[in-house]
Amino acid sequence: MALEEYKRKRNFQKTPEPEGKVAPKHAERFFCVQKHLASHLHYDFRLEHSGVLLSWAVPKGPSLDPKTKRLAMHVEDHPVAYGEFEGVIPEGYGAGIVMLWDRGTWTPQVDDVDAALKKGDLKFTLNGYKLKGSWVLVRTGGRYPGARGGGDRSWLLIKHKDEWAGEVDIADFAPRSVKSDGDFEDILAGDNPAVWQSNRPAKGGDAGAMLAQIIERAAALKTARATGAARDKGAARDKDTKERTEDTEGRATAGSATRSRRSAAAARAKAARRPRATAASKKATKTSASRKK
């Protein structure tokens with residue numbers, strides 16, 4: 001049954017990986033490469049076919065040099081939804097950091113993909129961000145150095161000679177995610193830091209040393225983000241306080257101006273209520289004063 005082995009190996013109560021299901025057929029076939037730091041660093045090469053992602057683990061990553069044959073160990077099929085996964089697998093099978101290193105579409109160069117897989121010779125064209133042009137997967141029968149397990153698992157991933165071939169080390173030249181443009185430390189910095197102290201996927205060797213450096217850089221990133229967030233929060237609080245103060249002062253000024261206007265209006269009204277001296281009253285007052293004299 002499709003994806004049975006994939007689901008058997010995972011505890012979906014703990015892993016953030018998608019449980020997934022067999023997907024309907026798409027007009028274009030999806031492919032991706034996920035850079036995976038687990039017990040060792042490797043690249044998971046995946047081709048969509050029959051509703052799942054056919055998957056190979058490539059220890060050294062794809063090479064654009066046709067003279068370089070990369071060992072690719074066939075592993076269990078993955079759900080198509082896995083092709084967008086990027087994050088931290090905290091424990092259990094595949095524990096480590098997963099980066100979406102490349103993605104795009106692929107086109108088989110054969111009429112019958114299943115027959116080509118059975119034969120052990122699948123030719124195809126990739127149209128990704130980093131990997132393009134003609135490629136082939138060839139089964140080795142377990143005779144290739146470094147291959148472990150049954151002969152059916154051992155394949156080679158080889159670039160054909162075309163305009164997209166070259167001697168540049170694409171893994172070193174373009175190491176970052178096509179999804180987030182981040183590196184391993186960026187992905188780890190956004191995850192639960194408890195993962196860093198327990199259930200470490202790589203505890204020794206080159207992978208362990210790499211993980212230790214990644215954890216250190218991720219911790220620095222988290223500290224910088226926290227400091228920046230606190231600074232931004234403080235600045236926002238200061239701005240709010242300033243705006244409140246300016247608003248209060250504005251209201252006080254407006255109130256004072258209003259009171260002044262009201263006092264002036266009251267004075268004018270009071271003055272208006274006083275009886276005005278007419279010419280006759282002025283004359284009477286003057287006559288009265290003369291008589292007193």
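The model is a predicted one. Its protein chain has 293 residues, of which 37% are buried. The secondary structure comes to 7 helices and 9 strands. Among contacts between residues at least 6 apart in sequence, 61% join residues at least 24 apart.

The mean pLDDT of the protein chain is 80, and 69% of its residues reach 70 or more. Over residues 193-199 the pLDDT is below 50, although this stretch has 11 contacts in the model beyond near neighbours in sequence. Where pLDDT is low, the predicted coordinates should not be read in detail.

In soluble globular proteins, nonpolar side chains tend to be buried together. Here the largest nonpolar core has 40 residues, and the members that touch the most others are Phe45, Leu47, Trp56, Phe124, Leu126, Leu131 and Leu137. Another core, of 10 residues, lies apart from it and includes Phe30, Phe85, Ile89 and Val98.

Leu47 is found in strand 2, residues 41-49. Its relative accessible area is 0%, under the 20% cut-off, so Leu47 counts as buried. Beyond four places in sequence, the contacts of Leu47 include Phe30, Phe31, Trp56, Trp106, Phe124 and Leu137. Its C-alpha atom is separated by 7.5 Å from that of Arg29, which is 18 residues away along the chain. Trp56, with neighbours within four places again left aside, is in contact with residues including Tyr43, Phe45, Leu47, Met73, His74, Leu137 and Trp155.

Gly83 sits in the loop between strand 4 (70-79) and strand 5 (87-89). Not counting residues up to four places away in sequence, Gly83 touches Phe30, Cys32, Gln34, Leu53 and Leu100. Of these contacts, Leu100 is 17 residues from Gly83 in sequence, and the two are 7.9 Å apart in space, C-alpha to C-alpha.

Leu188 counts as buried, because its relative accessibility is 2%. Between Leu188 and Gly96 there are 92 residues of separation in sequence, but 9.5 Å in space from C-alpha to C-alpha.

The second largest pocket has a volume of about 150 Å³. Its lining consists of Lys25, His26, Ala27, Glu28, Arg29, Glu48, His49, Ser50 and Gly51. By class, that lining has 1 nonpolar, 4 polar and 4 charged residues.

Most residues other than glycine have a negative phi. Ser50 has a positive phi of about 55°, although it is not a glycine. Ser50 is found in the loop between strand 2 and strand 3 (52-58). Its relative accessible area is 55%, over the 50% cut-off, so Ser50 counts as exposed.

Asp181 also has a positive phi, of about 60°, and is not a glycine. Its place is in the loop between helix 3 (170-173) and helix 4. Asp181 counts as exposed, because its relative accessibility is 52%.

Definitions and conventions. Residues are numbered from 1 along each chain as its sequence is written. Side-chain values use heavy atoms; hydrogens and water are left out. A nonpolar core is a set of buried Ala, Val, Leu, Ile, Met, Phe, Trp, Tyr and Cys residues joined through side-chain atoms within 4.5 Å. Buried means under 20% relative accessible area, exposed over 50%, partly exposed in between (1.4 Å probe, protein chains only). Contact means heavy atoms within 4.5 Å. pLDDT is the predictor's confidence in each residue, from 0 to 100. On a 1 Å grid over the protein atoms alone, a cavity is a set of points where a 1.4 Å probe fits but cannot get out, and a pocket is an open set with protein on both sides within 12 Å along at least five of seven lines; lining residues have an atom within 4 Å of a point. Grid points are joined across faces, edges and corners, and a volume is the space filled by probe spheres set on the points. Ala, Val, Leu, Ile, Met, Phe, Trp, Tyr, Cys and Pro count as nonpolar, Asp, Glu, Lys and Arg as charged, and the others, Gly among them, as polar. Helices (H or I, at least four residues) and strands (E, at least two) are DSSP runs, numbered from the N terminus.
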